[in-house]
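Please read this note with the structure open. The points are meant for someone who has not seen it before.

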Amino acid sequence: MATIYQVSEAAGVSLATVSRVMNGNAKVSERTRKKVESAMASLGYQPNAIAQSLASNRTNSVGLLVSELHGSYFGDLMSTVENVLKRNGKHVIITAGHVDEKREHEAIEFLKSRRCDALILHAEAVSDDYLKKLVNSKVPVVVINRKVDELEQNCFVVDNVKGGYLATKAAIDAGHKNIAYISGPLFKKDASDRLAGHKKALEEAGLTFDNNSTFEGDFHESSGQEGMQHLQATFPDFTALVCANDEMASGAMTAAREAGFDIPSQLSIVGFDNVLFSRYLYPKLTTINNPIHAMGEMAAHWVLEHVYDIKSPVPIEHLFVPEVVDRDTLGTL
């Protein structure tokens with residue numbers, strides 16, 4: 001069986017150059033690439049992943065940490081990152097942290113032990129200080145859906161305060177004054193930021209925020225149902241309901257129908273995320289576009305550019321602007 005050393009001799013190039021060709025490194029000229037590929041073909045050389053890793057000091061694998069392995073939001077993130085990296089000859093190792101500091105830390109250490117060339121983290125429980133130390137270590141790290149001071153160039157985040165503001169402002173602009181809100185778990189920064197945006201929109205419109213108008217959910221569909229039932233008892237006159245994600249909005253829609261509400265003539269509902277199923281609910285859900293697909297794409301291209309010298313086809317963006325996606329669940333008064 002041919003070896004990488006024989007390929008190097010046959011092509012008249014160094015081992016490092018052969019390795020760059022096998023790893024798709026953009027710094028190799030087209031003429032040199034063709035020489036190496038021709039030598040590999042004539043010798044019948046099949047790259048060995050371990051040998052390739054040792055020669056290049058790269059494993060061609062990227063670690064991806066997500067909070068959960070289920071749900072449209074994380075499914076979109078995982079598939080986007082995997083698609084971009086796969087197109088460029090890289091593999092993804094995925095693990096979940098389950099929004100628990102100890103488990104997130106263990107998951108990150110696991111990815112480091114797999115000798116991943118870079119880490120893409122949707123980390124919600126580990127501290128900012130931990131992430132800062134991690135970024136300053138040997139493994140390149142990017143963070144999704146979280147802004148960490150002093151690490152802005154490693155973070156890819158949507159403006160959640162603005163998103164929460166836009167969701168509630170859409171209801172206000174439609175004539176609603178009694179607006180209930182189902183938040184995500186408020187220890188999460190994205191959930192607390194969206195609630196802050198909701199309060200900002202109320203204040204701007206001269207509306208008073210009422211603690212009885214809010215229910216703290218957990219971003220899952222069941223807490224949307226529970227929240228809708230709770231709010232009927234604590235804030236019964238609401239005509240619009242803003243939910244901090246689409247899963248909770250879909251649960252709230254189910255509970256509203258069971259309670260006899262027609263959507264949107266008797267109750268308007270606004271979600272957040274614009275996940276795939278939101279356009280297939282009935283009525284179709286008015287929501288806030290949270291560009292997780294674009295964030296995942298940008299994070300993957302950042303890794304390709306900074307770690308593998310594969311230039312991004314588009315400028316790398318770090319801050320994403322949410323937008324209202326106007327469908328059928330927001331009615332006017």
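The points below go from the whole chain to single residues.

1. Overall picture. This is a predicted model. The protein chain has twelve helices and twelve strands. Along the principal axes, its C-alpha atoms fill a box of roughly 80 × 35 × 30 Å. Of the 333 residues, 52% count as buried. Among contacts with a separation of 6 or more, 68% are between residues 24 or more positions apart.

2. Three bridges join β8 (residues 240–243) to β9 in the parallel sense. Within β9, V270 is the bridge partner of V242.

3. A helix pair. Helix α2 (residues 15–22) and helix α3 (residues 30–43) have axes that come within 10 Å and cross at roughly 90 degrees. Because of this angle, α2 is roughly perpendicular to α3. On the α2 side, T17, V18, V21 and M22 make the contact, and they meet T32, R33, V36, E37 and M40 in α3. Sorted by class, this contact has five nonpolar, two polar and two charged residues.

4. Cysteines. How many disulfides does a search of the whole structure find? The search finds zero. For C155, the closest cysteine sulfur is that of C116, and at 19 Å it is too far for a bond. A disulfide needs the two sulfur atoms within 2.5 Å. C155 is buried, with a relative accessible area of 2%. C243 counts as buried as well, at 1% relative accessibility.

5. Cis peptide bonds. Most peptide bonds are trans. Here, a cis peptide bond joins I263 and P264, with omega at about 10 degrees. P264 lies in the loop between α11 (246–258) and β9. Another cis peptide bond joins Y282 and P283, where omega is about -10 degrees. The loop that holds P283 is between β9 and β10 (287–289).

6. Positive phi angles. Most residues other than glycine have a negative phi. E150 is not a glycine, yet its phi is positive, at about 80 degrees. E150 is found in the loop between β4 (141–144) and β5 (155–158). Is E150 buried or exposed? Its relative accessibility is 67%, so E150 counts as exposed. D309 also has a positive phi, near 60 degrees, and is a residue other than glycine. D309 is placed in the loop between α12 (292–308) and β11 (319–320). With 31% relative accessibility, D309 counts as partly exposed.

7. A loop lysine. Where is K177 found? K177 is in the loop between α8 (160–173) and β6. K177 counts as exposed because its relative accessibility is 62%, the cut-off being over 50%. Between K177 and A205 the C-alpha to C-alpha distance is 9.0 Å, while in sequence these two are 28 residues apart.

Technical notes
Residues are numbered from 1 along each chain as its sequence is written. This is a predicted model: local features need pLDDT of at least 70, side-chain atom pairs count only at pLDDT 80 or more; totals for chains, interfaces and linings use all residues. Side-chain values use heavy atoms; hydrogens and water are left out. Buried means under 20% relative accessible area, exposed over 50%, partly exposed in between (1.4 Å probe, protein chains only). Two strands pair if DSSP finds at least two bridges between them. Helices (H or I, at least four residues) and strands (E, at least two) are DSSP runs, numbered from the N terminus. Axes are lines fitted to C-alpha atoms, for helices over the stretch in contact, and angles run from 0 to 180 degrees between N-to-C directions. Angles under 35 degrees count as roughly parallel, over 145 as roughly antiparallel, 65 to 115 as roughly perpendicular and the rest as oblique. Contact means heavy atoms within 4.5 Å. Ala, Val, Leu, Ile, Met, Phe, Trp, Tyr, Cys and Pro count as nonpolar, Asp, Glu, Lys and Arg as charged, and the others, Gly among them, as polar.
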